[in-house]
Amino acid sequence: MTPLLPPVDAPPLFEGLRVEPEEARSILRPQKDERYGFGFALSPYRGCGHGCRYCYVREYPNTLHRPEDWGGWVAPKLNAPELLWAQRHKLHEARVFMASATDPYQPLERQYRLSRRCLEVLLLCPTTEVIVHTRSPLVLQDLELLKAFGGRLTVGLSIPTDDDTVRQVVEPHAPAIPSRWAAAERLAAAGIAVTIGVAPLLAVHDARAFARRARASGAAKAWVGGLRLLKQDPFYKLLADHGWLKVLDPDYKEGIRAAFLEAFPARKHTREARPRAEAPAAPPPPRQPGLFDRVG
Ligand code: SF4
């Protein structure tokens, strides 16, 4: 039986978060994106308790919530695992990205376990490639399940800055940066392919030390992604108030990217990925250009 309390330190739900359970009508969203490749996005929740202040998802069409309420509500899709099971025929040799419009390991996952149950379905789809992308060490509560995927699963950890004081301003309800490094280390040590996503790139204290830290975590790959801001985004003011407008400068991004290319030499690091702790459950499907294929 799944334990009720995860064996990791993750932030509790913040006071005032509204939980709005719902029955979803669909769970697999076809996706064709230069970063993600082709496949499906799978989001077991709507909304996100991490409430990152730059998050563009807050502007997605939504009749019940205002953009400014983003981060204050989460709708767990209670039937997500059952829907996924019913649609598993679509997943033959497909890539599933989990998740595109929420964090699959936000604090509510401690209680609802929807991401875990969706992963249990995906484990039974032997030709499906899975990418789990999160900001949270809560992913470690499913470490054994993740290991069972062998070579067809990657965990991406977003670590957009090396400075937790920046994180406290910009991602106020997301886990601290040191806890994400610890999660990367535990995942990699367990033989799971880890990718560090420096995205969206925020203010960085020491680019080369940051990149070396990423490499030392055991991550096989890393990539650097710029901020995607909305028109008249209030995040501009936050950046200006803190003296962080440099993150919008292409040269700044290039400097960070160069540091990561130095720490993760092109191509070479993919061949140096740590051996798996367990044999793959099935031969990995052909890879397509996607989110984690290069530093960029
Ligand atoms: S964790 Fe991701 S989905 Fe959630 S608020 Fe932050 S950027 Fe948005």
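Visitor: What makes up the shell around the ligand, in terms of nonpolar, polar and charged residues?

Guide: In this predicted model, the shell splits into five nonpolar, three polar and two charged residues. The residues around the ligand are Cys-48, His-50, Gly-51, Cys-52, Tyr-54, Cys-55, Trp-70, Thr-102, Asp-103 and Arg-135. Cys, Tyr and Trp count as nonpolar, Asp and Arg as charged, and Gly goes with the polar ones.

Visitor: Why is Lys-221 called buried?

Guide: Buried means under 20% relative accessible area. Lys-221 comes in at 16%, so it counts as buried.

Visitor: Where does Lys-221 lie, and which way do the residues of that strand point?

Guide: Lys-221 lies in strand β10, which covers residues 221-224. Lys-221 and Trp-223 point one way, Ala-222 and Val-224 the other, and all are buried.

Visitor: How do you know that β9 and β10 pair?

Guide: Pairing takes at least two bridges between the strands. Strand β9 (residues 193-198) and β10 have four, and they run in the parallel sense. Thr-195, for one, has Lys-221 as its bridge partner in β10. The chain gets from β9 to β10 through helix α7 (residues 207-216), and this β-α-β crossover is right-handed. Another bridge partner in β10 is Val-224, which goes with Val-198.

Visitor: What about β8 and β9, how many bridges join them?

Guide: Five bridges do, against the at least two that pairing asks for. Strand β8 (residues 153-158) runs parallel to β9, and Thr-154 stands opposite Ala-193 there.

Visitor: Why is β9 said to be largely enclosed by the rest of the structure?

Guide: Six of its six residues are buried, so β9 is largely enclosed. Ala-193, Thr-195 and Gly-197 point one way, while Val-194, Ile-196 and Val-198 point the other.

Visitor: Which residues touch the most other members of the largest nonpolar core?

Guide: Of its 77 residues, those are Leu-84, Leu-119, Leu-122, Leu-153, Leu-187, Ile-196 and Phe-260. Helix α6 (residues 177-189) gives the most to this core, with six residues. In soluble globular proteins, nonpolar side chains tend to be buried together.

Visitor: What is Leu-187 in contact with, leaving aside its neighbours within four places in sequence?

Guide: Contact takes heavy atoms within 4.5 Å. For Leu-187 the list is Val-139, Leu-140, Leu-143, Leu-146, Val-155, Leu-157, Ile-192 and Val-194.

How values were computed: Residues numbered from 1 in each chain as written. Predicted model: local features only at pLDDT ≥ 70, side-chain atom pairs only at ≥ 80, totals over all residues. Heavy atoms only, no water. Buried < 20%, exposed > 50% of the residue type's maximum accessible area, 1.4 Å probe, protein only. Right-handed = clockwise from strand over helix to strand, strands pointing away. Core = buried A, V, L, I, M, F, W, Y, C linked by side-chain atoms within 4.5 Å. Near = heavy atom within 4 Å.
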